[in-house]
2 protein chains.
Amino acid sequence: MSPSSSSDILIRKLQTISDIREAEIAVLKSIPIQEKDFSANHDLVREGDHPVYSFVVLDGLIGSTKYTSEGKRQITSFFVGGDIPDLHGLHLSVMDCNFSTLTPARVGFMRHDVLRSICDQHPRIATAFWRSTLIDAAMYREWVTNVGRREAYTRMAHILCELIFRLRAVGRIQDHIADIPITQAALGDALGLSTVHVNRMLQELRREGLIATTGSRMHAIDWPGLTHAGDFDTTYLHQKNPAD
Amino acid sequence: MSPSSSSDILIRKLQTISDIREAEIAVLKSIPIQEKDFSANHDLVREGDHPVYSFVVLDGLIGSTKYTSEGKRQITSFFVGGDIPDLHGLHLSVMDCNFSTLTPARVGFMRHDVLRSICDQHPRIATAFWRSTLIDAAMYREWVTNVGRREAYTRMAHILCELIFRLRAVGRIQDHIADIPITQAALGDALGLSTVHVNRMLQELRREGLIATTGSRMHAIDWPGLTHAGDFDTTYLHQKNPAD
DNA sequence: CGGGGTCTTGAGCTCTATCAATACTGGTGG
DNA sequence: CCACCAGTATTGATAGAGCTCAAGACCCCG
């Protein structure tokens, strides 16, 4: 991998969503980040926790998950490199969801007290962090819509669009080829679908010539076609420079 | 109506979710709030707007809504008295959803520049506002789960629990009787269900002795039973004093 | 060369949507 | 006060999307 430090990953991400100047970059670089590796399907934060750290995703895919009393799992959002999934915990004393690795992942922990004092002293950074959580909220809104009102085929296409677009936005992938070792079961938990039906929808997307998969590599062969099939509009991701 | 001003409604709500002191109350009271009445099904904010105001709900029910390209509507969250639904717009230049009245409603508009300067000068208020948006996000997460992984009957019960609990939390209703003139079609849009099925689920809840309805009045006869049927746990609402 | 996890396939069934008709309800004007 | 009307609620019947169950194929890894 290139010599991008955990700070660089964090800063790069914040720059895609807000205006960060030299002064703030220096401050962000000063945040101590404790890196750690995890295997897939590991709970980093659990419902009911009172965390004193937030973490930035350095590599891999993280999901925020909730369980119904029947034990069914719902993934409510994905988080990719640079994202700070549980930044929400900074001002919510109790966690209302879990954050789990969906693939092997590397994350960097940052102390809440450090983050809070930085927010107090650097309003532009505070705003950037706040904005980051607002974008999370916008994604949740889109997911409610996706799960509530789109049929399985469209829903599947939509989530693939979001994943690929976000990975591109933070420079993790080129073109529209993503290497994401996510299981079809996890996709089902994100879409509110059974594993079997996920499988069939992926087949249909392949049959339509929109995607191709080899192992865990997902290739959006026909990106315009996929975005159309997925009813995908990037507005809700609130990128500063909406390429694509 | 009692002589509670729009400021009082806002302050009362913020006190249910965070610690507000005398000093901040005075500041909040100084915010100019322009009140306005709307009939049901009126768009207060539309997707694509670049709003310069946020509004506080003074009376009635507001929904954040999105439409798929097929024209299907999804309500992604409800907002009751005291809530500031589009506070998210303070740091998101483009709106990614609509905010519409679901019942006749009274709202109070507050200028963004005023809110921003208050946030800059009063970090505790900034935190309270931020926290308010984080709680919105937590509700969105719960809604993803509700729509994605609960079956219609449970889903219906859950949303009724949320509505009633939140109305109680801000002192709009006593006991568990809510007067909400929301249509079954709107409930369907919130739950990702057809109107017909909403109707049948409500009937089943009545048959089970959990609720009773007379006109627009919704009475949770058996609150413990309803929360159980709805798999409802209040954690995600992040009340400071979780009564009930 | 296993073996556990994942993917794929088939068949039957359930939940929920759709369509269509009928009742109700509150508000309106005569 | 009543007749009317639009919107809403209710009901029945049918269709379809997606689930469940179960079995087999595949694939990576030790």
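User: Which residue forms a salt bridge with A:Glu162, and how far apart are the closest N and O atoms?

Analyst: In this predicted model, A:Glu162 pairs with A:Arg166, and the closest N and O atoms are 2.8 Å apart. As a general idea, side chains of opposite charge can pair when their charged atoms come close. Here A:Glu162 and A:Arg166 both sit in helix H5 of chain A, four residues apart, about one turn of the helix.

User: Are A:Glu162 and A:Arg166 buried or exposed?

Analyst: A:Glu162 is buried, at 1% relative accessible area. A:Arg166 is buried as well, at 6%. The threshold for that word is a value under 20%.

User: Where is a pair with other accessibility values?

Analyst: Take A:Asp113 and A:Arg111, which form a salt bridge with the closest N and O atoms 2.9 Å apart. A:Asp113 is partly exposed, at 41% relative accessibility, and A:Arg111 is partly exposed, at 42%.

User: How many salt bridges does a search of the whole structure find, and how many lie across the interface of chain B and chain A?

Analyst: The search over all chains returns 42. Across the interface of chain B and chain A there are six. One salt bridge between the chains is that of A:Glu142 and B:Lys66, with 2.5 Å from N to O. A:Glu142 belongs to helix H4 of chain A and B:Lys66 to strand E4 (residues 62–67) of chain B, so this pair joins two chains. A:Glu142 is buried, with 5% relative accessible area, and B:Lys66 is buried at 4%.

User: Which residues are linked in a network of salt bridges?

Analyst: A network of salt bridges links A:Lys66, A:Asp96, B:Arg141, B:Glu142, B:Arg150 and B:Asp231.

User: How should I read the size of the interface?

Analyst: The size of an interface is often given as the accessible area lost when the parts come together. For chain B and chain A that area is about 4,200 Å², with 63% of it on carbon and sulfur atoms. B:Trp130, B:Arg141 and B:Arg149 supply 23% of the area that chain B buries against chain A, more than any other three residues. In residues, the contact takes 46 from chain B and 46 from chain A.

User: Which elements of chain B supply the side that touches chain A, and how many residue pairs are in polar contact across the interface?

Analyst: There are 22 residue pairs in polar contact, both residues being at pLDDT 80 or more. Strand E5 (73–79), helix H4 (123–149) and helix H6 (184–191) of chain B each give at least two residues to the side that touches chain A. H4(B) provides the largest share, 19 residues. By residue class, that side of chain B divides into 20 nonpolar, 15 polar and eleven charged.

User: What surrounds A:Arg150?

Analyst: A:Arg150 lies in the loop between helix H4 (123–149) and helix H5 (152–169) of chain A. A:Arg150 is buried, at 7% relative accessibility. Its side chain makes a polar contact of 3.0 Å with the side chain of A:Asn146, and another of 3.0 Å with the side chain of A:Asp231. Leaving aside neighbours within four places in sequence, the contacts of A:Arg150 include A:Glu142, A:His158 and, from chain B, B:Thr68.

User: How many residues of helix H6 of chain A are buried, and what covers them?

Analyst: Six of the eight residues of H6(A), which spans residues 184–191, are buried. Among them are A:Leu187, A:Asp189 and A:Leu191. The cover includes strand E5 (73–79), H4, H5 and helix H7 (195–207) of chain A, together with H4 of chain B. After H6(A) comes A:Gly192, with a positive phi near 70°.

User: Which residues have a positive phi although they are not glycine?

Analyst: B:Asn41 is one of them, with a phi of about 60°. B:Asn41 lies in the loop between strand E1 (34–38) and strand E2 (43–45) of chain B, and is exposed at 56% relative accessible area. B:His238 also has a positive phi, about 55°. B:His238 is in the segment after helix H8 (223–229) of chain B, and is buried at 5%.

User: How many disulfides are found over all chains?

Analyst: The search finds zero. For A:Cys97, the nearest cysteine sulfur is that of A:Cys119, 19 Å away. A:Cys97 is buried, at 0% relative accessible area.

Conventions:
Residues are numbered from 1 along each chain as its sequence is written. Chains are lettered from A and ligands numbered from 1 in the order in which they are written. Side-chain values use heavy atoms; hydrogens and water are left out. A disulfide is a pair of cysteine sulfur atoms within 2.5 Å. Buried means under 20% relative accessible area, exposed over 50%, partly exposed in between (1.4 Å probe, protein chains only). Contact means heavy atoms within 4.5 Å. Buried area is the accessible area (1.4 Å probe) that two parts lose on being put together, summed over both. A salt bridge is a side-chain nitrogen of Lys or Arg within 4 Å of a carboxyl oxygen of Asp or Glu. A polar contact is a pair of N or O atoms within 3.5 Å; within protein, one must be able to donate a hydrogen and the other to accept it, and residues adjacent in sequence count only if both atoms are side-chain atoms. Ala, Val, Leu, Ile, Met, Phe, Trp, Tyr, Cys and Pro count as nonpolar, Asp, Glu, Lys and Arg as charged, and the others, Gly among them, as polar.
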